[in-house]
Amino acid sequence: MLAGKVSLKTVRSFVLHVFVLAFSCLMIYPVLWMLSSSLKEGNEIFVNAHKLIPSVWTFSNYAEGFKGYSGQSFMVFLKNSFIVTISSVLGTVLSCTVVAYGFARISFKGAAFFFGCMMMTMMLPAEVLTIPQYIFFHKIGWVNTFAPLIIPSFFGTAFFIFLVVQFLRGLPAELDESARVDGCGHGGILFRILLPLLVPVLITVSIFKFYWTWDDFFSPLLYLTKPEMATVALALKNMSDNTFGTSWGMVFAMSIVSLAPVFLIFIALQKYIVEGISTTGMKG
Amino acid sequence: MQGTNKAKLRKYETLQGYLFIAPWLIGFLLFTMAPMFASLYMAFTRYDILSSPQWIGFGNFKEMFTRDVRYWSAWKATLTFVFVAVPIRLLFALGVAMLLNTKLRMLSLFRATFYMPTLIGGSVAVAIMWRQLFGSNGAFNSVLSSLFGVSEKVSWITHPSTAMWSLILLAVWQFGSAMLIFLAGLKQVPTSLYEAADIDGAGWWRKFHKITLPLLSPVLFFNLIMGIINGFKVFTEGLIVTNGGPFDKTLFYVLYVYEKSFRYYEMGYGSAMAWVLLLTTAVFTLIIFTTSRSWVFYESGRK
């Protein structure tokens, strides 16, 4: 570009781009810092800490981290997290689909009332329920099992049911009617006709349920006290507690490992996430 | 004949309806209603899970409001957090959304970058990272010393006057989902309005004040409610980054509920605290809803 021909508009746009670029670098700096620290040697992490390029690249933090603690390899925690998360996602998708169909496509006495009840529970801070739920699960011997983390998701989640209901309401009722003429019952209509059409919203539900369960720290903290039961979130917290003579490089390495599935899903399914938040205001 | 058939059919439909919503209905009774009532009852008892609950009337509430100093620290920390972090986060979200709404290249890349902190922000990994980032030997001090020659090494996390700010910064950093909602809202604003304003010679601020802000107010309203409700529930950050310290400066409400109920096993006291939180959240939501009439603009004309 020649100096004389550069219009004010171009300059403006250039400045804007530089500004946004600089700001986005600032935003991701903490994560890059953690990533680079996980690749530095232990004695380098907190010396000239802001530098992003390690003077010596090493994967020893990862090797060390995967050894885990209390005789449990980090693979155990990853396995636990995947068991809990995948079961919860399955439970949520299954229960929310069925319940949402009931609310959206079957007209029955009391439907409006119970739908209202469900919407109310969305506003309820879960903390009010934590203590009695804990006592209940404690009494029936579910502490130190995955059950309190998994089983409730098979009973539907108000927010996700609402999402699927909204989606179902957007699908034409003629679909149901023609299926009914062909002799389909409600089960047939849902599973043979509507289910394929529900795939996009069910993907959105799965992604967010995955994120919420994967990141969940409160429930594992309450219910899982044995080291071999810990999920990744809980294991990270335990590894960062000073009692283990914390090697921060190792903790950062495992933190990066714990974030990997979150990033992979984001990269693969970004469209569903952005749409999900934009249209429903979901907290990611 | 036909009438009874119809009635039968309706009955069958109702049965089917309840069958379909049964999973939620059972969960609602078992995991929501029953615990709610149990928690309400426990709020009036002393209960340590091992022995049976002991009725003490308003004892927990009296203790809470008149004698427990830490209880008030918890309120102070939570309210400070909510009323500083939420508005700043919304401001950032709106500002960045407006930047991204101009003709920007690589929009989806920038959008992804700005959303990324929100994506991972609630995780233990990020809380651990934040603690080290702003620790005395962390990158933040390192940047300060290399750029401005500041040699003093403050631990921002454990210093009484900065600990709260480090958590507020962590919350503001996660403006991504509010930004996405604003961005979707901005896309709905018809460009013809701006063109008309341009013809009238309106400046940037006037356009923002008279067009963008009113049309965006429902979205702003939604983000505000969600921000406040979620702000009251802050827990993980408070536990891992600052552990409630120093001197209870970041002892958030839910963190204190957790401590009382699951470290000291004062489940009755914890339940009473949880109920006060529930009622407070409800009151705040109600206030925002009722005042919104005067500042939220709906296009249908209802003001």
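This is a predicted model: local features need pLDDT of at least 70, side-chain atom pairs count only at pLDDT 80 or more; totals for chains, interfaces and linings use all residues.
By class, the side of domain 1 of chain A that touches domain 2 of chain A consists of 6 nonpolar and 2 polar residues, with no charged residues.

The two domains cover residues 3–58 (domain 1) and 65–280 (domain 2) of chain A, and their C-alpha centres are 35 Å apart. Where they meet, 8 residues of domain 1 are in contact with 8 residues of domain 2. About 630 Å² is buried between them, and carbon and sulfur atoms give 93% of this area. On the domain 1 side, A:Met34, A:Ser38 and A:Phe46 lose the most area to domain 2, together accounting for 59% of what that side buries.

The next stop is the interface between the chains. Here 86 residues from chain A and 87 residues from chain B take part in the contact. Together the chains bury about 7500 Å², with 80% of it on carbon and sulfur atoms. In chain B, the residues that lose the most area to chain A are B:Phe20, B:Trp24 and B:Phe31, which together make up 11% of what that side buries.

Between chain B and chain A there are 0 salt bridges, whereas 6 residue pairs are in polar contact, both residues being at pLDDT 80 or more. Helix H1 of chain B, residues 2–42, gives the most to the side that touches chain A, contributing 20 residues. That side of chain B has 56 nonpolar, 26 polar and 5 charged residues.

Note on methods:
Residues are numbered from 1 along each chain as its sequence is written. Chains are lettered from A and ligands numbered from 1 in the order in which they are written. Side-chain values use heavy atoms; hydrogens and water are left out. Domain bounds come from an automatic or database domain assignment. Contact means heavy atoms within 4.5 Å. Buried area is the accessible area (1.4 Å probe) that two parts lose on being put together, summed over both. Ala, Val, Leu, Ile, Met, Phe, Trp, Tyr, Cys and Pro count as nonpolar, Asp, Glu, Lys and Arg as charged, and the others, Gly among them, as polar. A salt bridge is a side-chain nitrogen of Lys or Arg within 4 Å of a carboxyl oxygen of Asp or Glu. A polar contact is a pair of N or O atoms within 3.5 Å; within protein, one must be able to donate a hydrogen and the other to accept it, and residues adjacent in sequence count only if both atoms are side-chain atoms. Helices (H or I, at least four residues) and strands (E, at least two) are DSSP runs, numbered from the N terminus.
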